[in-house]
Amino acid sequence: MRTKIFDLLPVFLLLFSGCGDGRPTCYPVSGILQVDGQPLTGEYDGTIRFVPVNGQRPASGTLDSQGRFQLTTYEKGDGCPRGTYRVEILALQTQGNKTRYLVPPRYITSTTSDLQVEIEGKTSDLLLEVHWLPEDAPFQTARTVSDGAS
């Protein structure tokens, strides 16, 4: 019995087509956020987002109580594709009706954040460092949520 090449075509297509979802390959990425040289610790609500400079889909993660994060782009913990990213960070501590920024507000959006990283593959020890500047002082104190006054 002779097998024709066309009989094997479906097998080859299945083997070499990949998953076919059209998504770029993601690499697991996790790390820690430091503010002025110290890990961001304590009780707070914090998120981090990696916004690709090429306009692709961003990756995001939640900051835990030790400042650690794990990125997700499509599925929980899948990481992000290789590339250059602007980093957005939002970390707030709320007590009653007062809210305090734990990271300078310039990091809230990719248009004002000066934090940029290059992801080249899997990494579990990405260190992100941000610093308070003198002009950030008004945001370091707790502010009333309703009217923004201190």
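The side chains of Gln 93 and Arg 100 are joined by a polar contact of 2.6 Å, a term that covers N or O atoms within 3.5 Å, where within protein one must be able to donate a hydrogen and the other to accept it, and where residues adjacent in sequence count only if both atoms are side-chain atoms. This is a predicted model, in which local features need pLDDT of at least 70 and side-chain atom pairs count only at pLDDT 80 or more, while totals for chains, interfaces and linings use all residues. Residues are numbered from 1 along each chain as its sequence is written, and side-chain values use heavy atoms, with hydrogens and water left out.

Back to Gln 93, which sits in strand β6; strands here are DSSP runs (E, at least two residues) and helices likewise (H or I, at least four), numbered from the N terminus. Its side chain also gets to the backbone oxygen of Glu 43, at 3.1 Å. Leaving aside residues up to four places away in sequence, Gln 93 touches Glu 43, Tyr 44, Lys 98, Thr 99, Arg 100 and Leu 102, where contact means heavy atoms within 4.5 Å.

Next, the aromatic rings. Rings of Phe, Tyr and Trp (its six-membered ring) pair up if their centres lie within 6.5 Å, with planes under 30 degrees apart called stacked, over 60 edge-to-face and the rest tilted. The count is 2 aromatic pairs. Phe 50 and Phe 69 have ring centres 6.2 Å apart and planes at 50°, so this pair is tilted. Phe 50 belongs to strand β3 (residues 45–52) and Phe 69 to strand β5 (residues 68–70), so the pair ties together parts 19 residues apart in sequence. Phe 50 also forms a tilted pair with Tyr 85, at 5.9 Å centre to centre and 55° between the planes. Together, Phe 50, Phe 69 and Tyr 85 make one aromatic cluster. Phe 50 is buried at 0% relative accessibility, buried being under 20% relative accessible area, exposed over 50% and partly exposed in between (1.4 Å probe, protein chains only).

As for salt bridges (a side-chain nitrogen of Lys or Arg within 4 Å of a carboxyl oxygen of Asp or Glu), there are 3. One of them joins Arg 49 and Glu 88 at 2.8 Å, N to O. It links distant parts of the chain, with Arg 49 in strand β3 and Glu 88 in strand β6, 39 residues apart. Arg 49 is partly exposed at 35% relative accessibility, whereas Glu 88 is buried at 12%.
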